[in-house]
Amino acid sequence: MSQYPPPGQYPPPGDYPPPGGYPPQPGYPPQPGQQYWQEPPKGKGLAITALVLGIVALLSGLFLLGFLFGPLAVIFGLIALLSKKAGGTGMAIAGIVLGLIGLVISLVVGLFAWGFMKEAGFDNLLDCMNAAGNDQAKIEQCQRDFEQNLDERFGITVTPEPTR
């Protein structure tokens, strides 16, 4: 006696739907209104988080927010890569790379801004303001000196908004 039914007793897969009331078996198409049951993806949350943070770090790098989001993207991406049951390796790697790029962009923009502020004399303005204390005349003199320095070095004239 064979454990298999004789040939031809069952319809070939794909020709007929399974008997009513039973879930579809592999090889049978789903009945109208039914869909194949599929296991939801597991463990990709960290990788997705790393990818989203990496994208945000890249986009916000010009505003120096890459210093905040870049390291978070790298940390979440590394945790996702090192986790044994987490999926989404590609998303985790992309999140790490984008986070690092956003961090580098923020670093370059920050260094450029710091150099510009140093060249413009912001440190001299702050020193003068601290030395002036609460004396309004000295504070106004510090502001005039700073504006004159900007005009001499960069040709930038600071003018107040017109009043109406």
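Predicted model: local features only at pLDDT ≥ 70, side-chain atom pairs only at ≥ 80, totals over all residues.
Reader: What elements make up the protein?
Author: Five helices and zero strands, in the order α-α-α-α-α from the N terminus on. Helices here are DSSP runs of H or I with at least four residues, strands are runs of E with at least two, and both are numbered from the N terminus.

Reader: Why are α2 and α3 called roughly antiparallel?
Author: Look at the angle: helix α2 (residues 66–82) and helix α3 (residues 89–120) pack at about 155 degrees, with their axes 8 Å apart. Axes are lines fitted to C-alpha atoms, for helices over the stretch in contact, and angles run from 0 to 180 degrees between N-to-C directions. Angles under 35 degrees count as roughly parallel, over 145 as roughly antiparallel, 65 to 115 as roughly perpendicular and the rest as oblique. So α2 and α3 are roughly antiparallel.

Reader: And what makes α1 and α3 roughly parallel?
Author: The axes of helix α1 (residues 45–59) and α3 cross at roughly 25 degrees and come within 7 Å. That angle falls under the 35 degree limit, so the pair is roughly parallel.

Reader: Which residues of α1 and α3 make the contact?
Author: Contact means heavy atoms within 4.5 Å. On the α1 side, Ala-47, Ile-48, Leu-51 and Gly-54 are among them, and α3 brings residues including Met-91, Ala-92, Leu-98 and Ile-105. By class, this contact has 13 nonpolar, four polar and no charged residues. Ala, Val, Leu, Ile, Met, Phe, Trp, Tyr, Cys and Pro count as nonpolar, Asp, Glu, Lys and Arg as charged, and the others, Gly among them, as polar.

Reader: Which residues of α2 meet α3?
Author: Gly-66, Phe-67, Gly-70 and Pro-71 are among those in α2, and they face a set in α3 that includes Thr-89, Ile-93, Ser-106 and Leu-107. The contact of α2 with α3 has 13 nonpolar, eight polar and no charged residues.

Reader: How do you know whether Ser-60 is buried or exposed?
Author: Buried means under 20% relative accessible area, exposed over 50%, and partly exposed in between, with a 1.4 Å probe and protein chains only. Ser-60 has 9%, so it is buried. This serine is in the loop between α1 and α2, and, leaving aside neighbours within four places in sequence, Ser-60 contacts Leu-65, Gly-66, Phe-69 and Ser-106.

Reader: Why is Leu-107 called partly exposed?
Author: Leu-107 has 44% relative accessibility, so it counts as partly exposed. Leu-107 lies in helix α3. Its C-alpha atom is 7.6 Å from that of Leu-64, 43 residues apart along the chain.

Reader: What about Leu-64 itself: where is Leu-64 found?
Author: Leu-64 sits in the loop between α1 and α2. At 36% relative accessibility, Leu-64 counts as partly exposed too. Its phi is near 65 degrees, a positive value in a residue other than glycine. Most residues other than glycine have a negative phi.

Notes. Residues numbered from 1 in each chain as written. Heavy atoms only, no water.
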